[in-house]
Amino acid sequence: MKIGWIGLGNMGIPMARNLLAADYELSVWNRSPEKAEPVLALGAKSATTLAQLVDESDILFTMVSDDAAVKAVYDGPGGILAAAGKGKLAVDMSTISPDTSRFLAARCQEVGIRFLDAPVSGSVGPAKEGTLVIMVGGEKSDYEQAKPMLDKLGKVALHLGPNGAGTSAKLAINLLLGITVQGVSETLLFARSLGISTEQMLNIISESAVGTPLVRGKAASILADDYPAAFALKHMAKDLRLASEAGVSTPLAESANASYRHALENGLGDLDLMAIIKDLEGK
Ligand code: NAP
């Protein structure tokens with residue numbers, strides 16, 4: 001299986017590394033070619049165009065920002081759909097709307113490409129460790145073909161139903177993530193106003209029933225008041241917006257959606273989502 005990998009951002013780089021470490025042949029393409037350097041140094045091949053990448057690969061993986069980015073790499077000028085990809089399998093691991101997943105699956109089908117939506121839960125740490133949770137929508141037989149590679153990227157890869165099922169599950173789990181990070185932020189700010197230090201409160205949360213790997217993982221960042229992006233706040237805002245567009249009643253998620261949008265408008269989008277605490281603090 002020759003793999004074509006598209007998208008070498010915070011997640012794409014460590015995921016591509018894991019496939020290289022598993023001895024897969026990998027060609028890569030990124031909109032900004034210089035970002036490919038770390039994986040080229042490990043033996044990946046560089047494709048100068050998407051057409052070349054499609055030609056050299058049996059299976060394609062896309063891991064880019066949002067609906068517009070995914071549409072650009074599939075359906076834009078010089079995109080995957082314009083290349084000779086008949087019979088190949090494309091696996092989109094980006095977090096996008098279920099409607100866009102279904103739209104792209106249909107567009108792929110028109111040119112004989114099979115399509116899976118397979119977004120992931122877990123940030124850069126799990127991406128490095130190969131312990132992501134992968135949620136897959138599409139034909140079962142296509143899932144089975146991709147599974148050996150997905151198993152190198154995640155600790156679990158679940159087939160959930162037809163196209164759009166993976167991205168639907170992903171929006172649901174990220175709705176909980178957005179609410180949780182805002183909840184932790186409000187708890188810390190509330191405690192601080194009542195004289196309990198952030199360090200004390202983080203310790204209490206970690207030892208309590210609501211202590212999670214998420215809180216423990218963000219503790220150092222919160223204490224240092226430094227938020228380099230593992231999962232950029234702009235992507236969290238995007239996911240809550242997509243969840244909101246599903247039209248289901250989710251009062252807490254709606255409130256979180258407004259908060260992350262506010263933080264985005266205040267220029268915090270490129271920081272980690274945990275920087276929501278800075279925005280809430282300033283209110
Ligand atoms: P990122 O670091 O912002 O990287 C985004 C990637 O998308 C880059 O390779 C970028 O190319 C590419 N891109 C953006 N617009 C494009 C366009 N119009 N055409 C072609 N390529 C385009 O994002 P990330 O953190 O890796 O996240 C990728 C996806 O995974 C997102 O959907 C995100 O929501 C999801 N996700 C992220 C995390 C996380 O913790 N980071 C966790 C789970 C899921 P350039 O290098 O040229 O900008």
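## Basis

A polar contact is a pair of N or O atoms within 3.5 Å; within protein, one must be able to donate a hydrogen and the other to accept it, and residues adjacent in sequence count only if both atoms are side-chain atoms. The model is predicted, with pLDDT of at least 70 required for local features and 80 or more for side-chain atom pairs, while totals for chains, interfaces and linings use all residues. Residues are numbered from 1 along each chain as its sequence is written, and side-chain values use heavy atoms, leaving out hydrogens and water.

## Ligand contacts

A polar backbone atom of Ala230 lies 2.8 Å from a nitrogen atom of the ligand. Oxygen atoms of the ligand are 2.9 Å from a backbone N or O atom of Met11 and 3.2 Å from a polar backbone atom of Leu8. On its own the ligand has 900 Å² of accessible area (Shrake-Rupley method, 1.4 Å probe), and the protein covers 89% of that area.

## Ligand shell

The ligand is surrounded by 24 residues (a heavy atom within 4 Å), and the closest are Asn30, Ser32, Lys35, Ser65 and Ser123. Domain 1 (2–162) and domain 2 (169–282), with bounds from an automatic or database domain assignment, both give residues to this shell, so the ligand lies between them.

## Strand pair

Strands E5 (residues 89–92) and E6 (residues 114–117), which are DSSP runs of at least two residues (E), pair in the parallel sense over four bridges (at least two are needed for pairing). Leu89 stands opposite Arg114 in E6.
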